[in-house]
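Welcome! Try each task before you read its solution.

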Amino acid sequence: MSYIILGAGSVGFQLAKQLVDEGKDVVLIEKDAETAKQANDLLDCLVLNEVGNISSTLQRAGIEKAEYFIGVTDSDE
């Protein structure tokens, strides 16, 4: 199963960690550079330091093949 998670704050990070630990394929999208770097350093998954509401970012994340998209941000955009 493949997952795309938008937002690497505390909820997104913990969710990504759990899914990676379960052997799932995870792509994490985070717009804040420092948060993205920290997630990249600590998780064994692809972390994109980009804005997640742009179609090119979602395509790069593999949205067409993802089984789940989970948005955990403080924005409803």
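**Exercise 1.** Leaving aside its neighbours within four places in sequence, which residues is Leu43 in contact with (heavy atoms within 4.5 Å)?

Solution. This is a predicted model, where local features need pLDDT of at least 70, side-chain atom pairs count only at pLDDT 80 or more, and totals for chains, interfaces and linings use all residues. Residues are numbered from 1 along each chain as its sequence is written, and side-chain values use heavy atoms, with hydrogens and water left out. With that settled, the partners of Leu43 are Phe13, Ala16, Lys17 and Leu28.

**Exercise 2.** Find how many residues the largest nonpolar core has.

Solution. Start with the term: such a core is a set of buried (under 20% relative accessible area, 1.4 Å probe, protein chains only) Ala, Val, Leu, Ile, Met, Phe, Trp, Tyr and Cys residues joined through side-chain atoms within 4.5 Å. The largest one has 14 residues, and Leu43 and Val26 are among those with the most contacts inside it. Next, α1 gives the most to this core, with four residues.

**Exercise 3.** Decide whether Thr57 is buried or exposed, and look for its polar partner.

Solution. Thr57 has 2% relative accessibility, so it counts as buried. Its side chain makes a polar contact (here, a donor and an acceptor among N or O atoms within 3.5 Å) of 2.9 Å with the side chain of Glu50. Among its other contacts are Ile29 and Leu48.

Methods: Buried means under 20% relative accessible area, exposed over 50%, partly exposed in between (1.4 Å probe, protein chains only). Helices (H or I, at least four residues) and strands (E, at least two) are DSSP runs, numbered from the N terminus. Contact means heavy atoms within 4.5 Å.
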